[in-house]
Amino acid sequence: MNADSAPNHHQAHRQFFNERAEQWLDMWYKDPESGQYTRFDAEFQRLFGLVPLPPDGSVLDVGCGSGILVPYILERLSDRGRLTEVDCAEQMIAVNRRLHADPRIAFLVADVMAMDIQPASIDVAICFACFPHFEHKAEAVQRLSRVLRPGGKLAVAHLMSSAELNQHHRKHEAVMHDMLPGAADMRRYLAAAGLSLELSLDEPGFYLLLASKPDDRDPR
Ligand SMILES: C[S@@+](CC[C@H](N)C(=O)[O-])C[C@H]1O[C@@H](n2cnc3c(N)ncnc32)[C@H](O)[C@@H]1O
């Protein structure tokens, strides 16, 4: 990487996602029969079955886009629960904010590498359909680990296997280099960030890596 590549990579991605923000949910998530964004309802129910959210907890949705996960997260949170929606593409956040007016949500336009979030404040951080786009993956995991509370969890999830996803990205010029790392690299990133792997699924139509931050108060 030369000194100029980071801003270029970042700008190109931001533009790519900004340009698609208004259509994003229609493009990917609309059920053609109902017109609702429920096309992958069964998969999201499975995801949140595997990644339980503490009702009064703080959830971070990184690379949130226009907020496909918002209803699934909010329905699992109490009035005391909090959700932070973070994306580096400001148009994604603008659409997300317009669609989801709820006092439990804070919206943040930020790169995963520069989130203004208090350390050790988050119970569950979710990277849904965004991890391959992070330019500095090992460092991104470190940043995410830092904002997790002891006992907090990090989930990296996709509705494709890693092979399907990488194949999908290869077909699109703007994201053709955005690959989901292999299992060994992901384990290395987690370990370096002090996270313990709890669950790893990589199967057609579903990918989930779930890791947790050790809690010294946990007697196990
Ligand atoms: C494929 S979209 C997925 C959006 C949303 N999670 C969904 O599934 O509909 C990837 C999102 O990640 C965001 N993103 C990419 N790189 C990012 C970064 N370094 N920091 C924060 N957000 C990022 C993009 O702006 C985009 O909205």
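**Stop 1: the ligand**

This is a predicted model. Select the ligand and the 19 residues around it; Trp-24, Tyr-29, Gly-63, Asp-87 and Phe-128 come nearest.

Start with Tyr-29: a polar atom of its side chain sits 2.7 Å from a ligand oxygen. Move to Gly-63. Here a polar backbone atom is 2.7 Å from a nitrogen atom of the ligand. Then pick Phe-128, where a backbone N or O atom lies 2.9 Å from a ligand nitrogen. How much of the ligand's accessible area does the protein cover? On its own the ligand has 590 Å², and the protein covers 96% of that.

**Stop 2**

Rings count as paired when their centres lie within 6.5 Å. The count of aromatic pairs by this rule is eight.

Zoom in on Tyr-29 and Phe-40. Their ring centres are 6.1 Å apart and their planes meet at 80 degrees, so this pair is edge-to-face. Tyr-29 belongs to helix α2 (residues 24-29), while Phe-40 is in the loop between α2 and α3 (41-50), so the pair ties together parts eleven residues apart in sequence. Are these two residues buried or exposed? Tyr-29 is buried, at 7% relative accessibility. Phe-40 is buried too, with a relative accessible area of 19%; the cut-off for buried is under 20%.

Next, select Phe-44 and Phe-128. This aromatic pair is edge-to-face, with 5.3 Å from centre to centre and 75 degrees between the planes. Trace the chain between them: Phe-44 is in helix α3 and Phe-128 in strand β4 (residues 122-128), so the pair links distant parts of the chain, 84 residues apart. Both Phe-44 and Phe-128 are buried.

**Stop 3: arginines over rings**

Select Arg-20 and Phe-16. Arg-20 lies over the face of Phe-16, 3.8 Å from the ring centre. Then go to Arg-46, which lies over the face of Phe-206 at 4.0 Å from the ring centre.

**Stop 4: Thr-84**

Finish on strand β2 (residues 82-87), and pick Thr-84 within this strand. Thr-84 is buried, at 16% relative accessibility. Which residues does Thr-84 contact, leaving aside neighbours within four places in sequence? Show Val-59, Leu-60 and Asp-61, then Ala-106, Leu-108 and Ile-117.

How values were computed
Residues numbered from 1 in each chain as written. Predicted model: local features only at pLDDT ≥ 70, side-chain atom pairs only at ≥ 80, totals over all residues. Heavy atoms only, no water. Phe/Tyr/Trp six-rings, centres within 6.5 Å; stacked < 30°, edge-to-face > 60°. Helix = DSSP H or I, 4+ residues; strand = E, 2+ residues; numbered from the N terminus. Buried < 20%, exposed > 50% of the residue type's maximum accessible area, 1.4 Å probe, protein only. Lys NZ or Arg CZ within 6 Å of the ring centre and 35° of its normal. Contact = heavy atoms within 4.5 Å. Near = heavy atom within 4 Å. Polar contact = N/O pair within 3.5 Å; in protein donor to acceptor, adjacent residues only side chain to side chain. Areas by Shrake-Rupley, 256 points an atom, 1.4 Å probe, with all protein chains shown as cover.
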